[in-house]
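Let us read a protein model together.

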Amino acid sequence: MRITIKPENRVLDTIAGESLMEALVLKEIPVQNICNGQGTCGKCKVRILAKTSKPTPIDFEHLTNQEIEMGYRLACNVKPEDGMEIEVSFIEDSQDRKEAALLTKHKTNLDSGLKKVFFHVSKPSLEDERGDWERTEAHLAKIMESDVINFSLSVLKKLPSVLRREEFAVTATLWGSQVLDIEAGDTTRLLFGVAVDIGTTSVAVSLVDLNTANVIKVVSVENGQTAYGADVISRISYARESRAKRLQMRDAVRKTINRLIQRLTEESGISANNIYKMTIAANTTMNHLFLGLDTSHLAVAPFVSVSNSSLELAASELSMEINREGRVLMFPNIGGFVGGDTVGAVIGTPELLTGGNHLLIDLGTNCELFLITTEEMIACSTAAGPAFEGAGIRQGMRAKSGAIEGATITEDGVKIKVIGSQKAIGICGSGLIEGIEQMKSAGIINKQGKIIDPEKASDLSAELRDRIRTGGKEGREFVLSFGREEGIDVSLTQRDIGELQLAKGAVCAGIKTLVRMAGISVEDLDSIVLAGTFATYLKAKSILEIGLVPNIKQEKIRAVGNAAHVGAMRALLDQAVFYDAIKLAKRVKHIELGGNKEFTGNFMRSMSLERIN
């Protein structure tokens with residue numbers, strides 16, 4: 001059967017028996033697939049413009065009546081019909097948010113470990129019949145002051161033509177005692193690297209000039225693995241079903257990185273062959289899936305990884321489309337669900353290591369906590385769930401155009417801040433947190449998170465009372481934005497509030513448990529540092545008022561942007577930073593909160609929407 005995807009007018013041939021979701025994933029059409037097609041998340045909604053299918057109970061459970069009337073359906077619950085026309089959102093993550101959140105001003109030495117040297121090789125003659133490599137090696141030995149010089153077969157294969165192209169004037173790219181490349185002429189100015197942050201939700205890549213430390217461009221896009229699940233557990237479950245599916249996950253994230261590299265090189269006019277170094281920060285699961293490793297034992301106690309060590313591999317081994325002999329360096333994992341991204345975030349926030357008691361919170365699909373005191377370093381992860389990324393929220397979405405990212409509620413109504421120049425179509429994590437904090441401050445919900453009965457809300461203005469609706473299975477809802485005419489209403493339901501309470505309760509409980517284990521109190525903390533792109537857009541007042549973090553002086557809370565990516569860039573520019581990261585990971589004590597009675601108790605006490613002591 002043949003279907004058409006709007007607005008690109010792309011025609012797809014579908015296979016009999018497959019769902020629309022399966023067809024879209026197979027053809028790499030972007031669609032949210034939080035629950036891996038189980039029909040439980042309600043995020044794979046598409047709008048059917050022609051040959052509209054009849055809504056099912058699952059559609060009614062997850063979509064509003066307004067959305068159903070407009071033709072929206074869940075892709076996992078639709079069987080394609082010949083001639084069907086589907087409207088799918090192709091909007092990518094807001095690039096302005098990603099680049100604005102990336103801090104690159106940290107002072108870092110420029111010593112990448114790479115070196116390009118230009119020299120002339122003596123020409124062969126009847127008196128000097130040495131091989132091309134031997135005469136080249138003789139010059140390199142003097143330059144490197146070493147008799148041990150390693151090289152690859154790929155360098156050897158190209159050597160004869162390279163030597164003769166510019167009259168035996170060549171440039172060698174060196175990595176310690178390893179010759180990575182030989183080029184004709186003087187190419188010493190062309191020395192580049194890329195820093196990669198593999199997040200569960202998105203992947204960011206920055207292109208850096210390793211001669212000048214200039215960050216040329218930063219790009220990011222949704223992780224291609226999201227087509228197989230929103231969180232690490234769902235992806236581990238998918239990958240463990242078969243070797244083929246594990247490799248499918250591996251290839252998805254590698255394609256994502258390579259597409260970003262291609263975009264960087266095309267837009268900058270730089271050859272990918274002149275990119276010789278790549279540093280990667282990734283959580284433990286993303287690390288394993290990128291490498292194609294078995295993740296079976298990560299999801300069950302005692303949560304054992306294949307390896308927590310740092311890695312150095314050739315780009316060709318990982319199908320990375322930079323110079324084939326380029327070095328790919330991966331940060332070490334700390335353990336379990338605390339991975340190289342946490343190590344990168346600490347390295348990317350070097351002020352944490354200057355003394356005192358500091359807590360780093362990496363807020364994302366998974367939440368990692370890193371605590372450093374005058375005595376020790378400890379870290380843990382807490383199962384906050386993907387609510388901060390919009391999953392589990394009825395109209396939740398990632399930080400894309402059309403997402404509500406902030407809200408102010410007064411007696412006169414609601415003023416929203418929307419990403420991009422279009423009507424609101426959903427709400428992202430920062431909008432969720434600020435919206436609920438504002439609803440609490442306005443008296444629309446109480447500290448238990450319950451939306452009040454509008455009939456009994458005499459203290460509310462008529463404008464705010466009229467925004468409270470009696471919902472279905474998800475309880476009452478409060479409308480943040482009216483769609484009017486062709487748009488859709490965006491609201492927060494009672495169930496949405498409950499999802500946030502679970503997520504923020506887990507984070508707050510994790511913090512309280514961790515500081516107690518370290519023998520200090522929350523008041524003893526000199527700072528709470530919020531890392532991650534999402535955290536950049538949170539207001540300290542909002543997260544305190546809903547109890548996302550325990551009560552502390554507001555001025556002690558600060559955001560540092562995508563610190564893991566900054567850490568990857570610092571290690572890209574200075575190889576000593578990467579070695580420091582390896583040492584740091586070995587010093588950190590990893591704590592498992594699963595089954596911890598103190599954490600469970602703290603969790604139950606951290607659910608209310610108020611400042612929590």
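Q: What counts as a salt bridge?
A: It is a side-chain nitrogen of Lys or Arg within 4 Å of a carboxyl oxygen of Asp or Glu. Side chains of opposite charge can pair when their charged atoms come close.

Q: How many salt bridges does that rule give here?
A: The count comes to 31. Before we look at some, know that this is a predicted model: local features need pLDDT of at least 70, side-chain atom pairs count only at pLDDT 80 or more, and totals for chains, interfaces and linings use all residues. Residues are numbered from 1 along each chain as its sequence is written, and side-chain values use heavy atoms, with hydrogens and water left out.

Q: Which residue forms a salt bridge with Arg-327, and where do the two lie?
A: The partner is Glu-312, with the closest N and O atoms 3.8 Å apart. The pair links distant parts of the chain. Arg-327 is in strand β15 (residues 327-330), and Glu-312 is in strand β14 (residues 311-314), 15 residues away. Strands here are DSSP runs of E with at least two residues; helices are runs of H or I with at least four; both are numbered from the N terminus.

Q: Are Arg-327 and Glu-312 buried or partly exposed?
A: Start with the cut-offs. Buried means under 20% relative accessible area, exposed means over 50%, and partly exposed is in between (1.4 Å probe, protein chains only). Arg-327 has 11%, so it is buried. Glu-312 has 40%, so it is partly exposed.

Q: What ties Lys-417 to Glu-405?
A: Their side chains meet in a salt bridge, 3.9 Å from N to O. Lys-417 lies in strand β20 (residues 413-418) and Glu-405 in strand β19 (residues 403-410), so the pair ties together parts that are 12 residues apart in sequence. Lys-417 is exposed at 52%. Glu-405 is buried at 12%.

Q: How far apart are the closest N and O atoms of Arg-467 and Glu-463?
A: They are 2.9 Å apart, in another salt bridge. Arg-467 is buried, with 8% relative accessible area. Glu-463 is partly exposed, with 32%. Elsewhere, salt bridges that share partners join Glu-312, Arg-324, Glu-325 and Arg-327 into one network.

Q: How do I read the cover on a helix?
A: Look at which residues are buried. Helix α15 (residues 563-573) is mostly covered: 11 of its 11 residues are buried. Among them are His-565, Met-569 and Arg-570.

Q: What is the length of α16 (residues 575-587), from first C-alpha to last?
A: Its 13 residues reach 19 Å, close to the 18 Å expected at 1.5 Å a residue. The expected span is 1.5 Å times one less than the number of residues. Buried residues in α16 include Gln-575, Val-577 and Phe-578. At the start of α16, a side-chain oxygen of Asp-574 comes to within 3.0 Å of the backbone nitrogen of Ala-576.

Q: Which residues does Gln-501 touch, beyond its neighbours within four places in sequence?
A: Contact means heavy atoms within 4.5 Å. Gln-501 is in contact with Lys-447, Gln-448, Gly-449, Met-607, Ser-608 and Leu-609. Gln-501 sits in helix α13 (residues 494-517). It is buried at 8%.

Q: Where is Gly-113?
A: Gly-113 is in the loop between α4 (95-100) and β6 (114-120). It is partly exposed at 27%. Leaving aside neighbours within four places in sequence, its contacts are Leu-174, Trp-175, Gly-176 and Gln-575. Its C-alpha is 11 Å from that of Ser-177, 64 residues apart along the chain.

Q: What backbone angles deserve a look?
A: Most residues other than glycine have a negative phi, and most peptide bonds are trans. A cis peptide bond joins Ala-301 and Pro-302, with omega about 10°. Pro-302 is in the loop between α9 (284-291) and β14. Phe-303 is found in that loop too, and has a positive phi of about 60°. Phe-303 is partly exposed at 22%. Glu-167 has a positive phi of about 55°. It is found in the loop between α6 (153-165) and β8 (169-175), and is exposed at 53%.

Definitions and conventions:
Polar contact = N/O pair within 3.5 Å; in protein donor to acceptor, adjacent residues only side chain to side chain.
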